[in-house]
Amino acid sequence: MLEIDGGSIYLTRGDSADIAVKITNSATGDDYVMSKTDKLIFTVRKYPYKEAAVLIEKTLTGGNIFRLKPGDTASLKYGTYKYDVELRSGDDVYTVVPCGDLVLTKEVTMA
């Protein structure tokens, strides 16, 4: 199960998920079109500070849909983690999704 509510993502631990990131230019209101060299980075940590270990990190070049695979979360404990998404375009870095909660929920069916 995947549910996105505001800045929070709820995901059943061990499930697959496609998470699309829409970027809007705050000055013009226009949708941002990724160039083929732009990078989006999705990072998950237990706590929102640099000293906390990176638990999941996905990098896309030129795209905007992150694919979480079962193995990305299967070994993590149930609970709440912190995530954000950065856009790197040339030398510029923008946080396009600020720090939010990634909540891993329990599953009933276990393979």
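A residue is buried when its relative accessible area is under 20%, exposed when it is over 50%, and partly exposed in between, using a 1.4 Å probe and protein chains only. By that cut-off, buried residues make up 32% of the 111 residues in the chain. This is a predicted model, in which local features need pLDDT of at least 70 and side-chain atom pairs count only at pLDDT 80 or more, while totals for chains, interfaces and linings use all residues. Residues are numbered from 1 along each chain as its sequence is written, and side-chain values use heavy atoms, with hydrogens and water left out.

**Overall fold**

- The chain holds one helix and eight strands, where helices (H or I, at least four residues) and strands (E, at least two) are DSSP runs numbered from the N terminus.
- In sequence order the elements run β-β-β-β-β-β-α-β-β.
- The chain is as compact as a globular protein of its length, because its radius of gyration of 15 Å is close to the 13 Å that the globule rule gives for 111 residues. That radius is taken over C-alpha atoms, and the rule is 2.2 Å times the number of residues to the power 0.38.
- The C-alpha trace spans about 45 × 30 × 25 Å along its principal axes.
- Of the contacts with a separation of 6 or more, 54% are between residues 24 or more positions apart; a contact means heavy atoms within 4.5 Å.

**Surface and charge**

- The accessible surface of the chain is about 7000 Å², and carbon and sulfur atoms account for 50% of it. Accessible areas come from the Shrake-Rupley method with a 1.4 Å probe, and for residues only the protein chains shown count as cover.
- There are 14 positive and 16 negative side chains, and the centres of the two sets lie 7 Å apart.
- In that count Lys and Arg are positive and Asp and Glu negative, with His and the chain ends not counted. Each charge is placed at NZ of Lys, CZ of Arg, CG of Asp or CD of Glu.

**Lys58 and its partner Asp72**

- Lys58 lies in strand 5 (residues 54-61) and counts as buried at 18% relative accessibility.
- The side chains of Lys58 and Asp72 are joined by a polar contact of 2.8 Å. A polar contact is a pair of N or O atoms within 3.5 Å; within protein, one must be able to donate a hydrogen and the other to accept it, and residues adjacent in sequence count only if both atoms are side-chain atoms.
- Not counting residues up to four places away in sequence, Lys58 touches Leu40, Ile41, Phe42, Phe66, Arg67, Leu68 and Asp72.

**Ile23 in a loop**

- Ile23 sits in the loop between strand 3 (17-20) and strand 4 (39-45), and at 10% relative accessibility it counts as buried.
- Residues touching Ile23, beyond those up to four places away in sequence, include Tyr32, Met34, Leu40, Leu87 and Val96.
- Ile23 and Asp72 are 49 residues apart in sequence, and their C-alpha atoms are 24 Å apart in space.

**Strand 8 and the segment after it**

- Val103 is in strand 8 and is buried, with a relative accessible area of 15%.
- The C-alpha atoms of Val103 and Thr12 are separated by 8.3 Å, although the two are 91 residues apart along the chain.
- Glu107 belongs to the segment after strand 8 (92-105) and counts as buried at 18% relative accessibility.
- Glu107 is in contact with Thr12, Arg13 and Tyr78, leaving aside neighbours within four places in sequence, and its side chain makes a polar contact of 3.2 Å with the side chain of Tyr78.

**Ser75, an exposed loop residue**

- Ser75 is placed in the loop between helix 1 (70-73) and strand 7 (79-89) and counts as exposed at 67% relative accessibility.
- Ser75 and Arg13 are 62 residues apart along the chain, with 8.4 Å between their C-alpha atoms.
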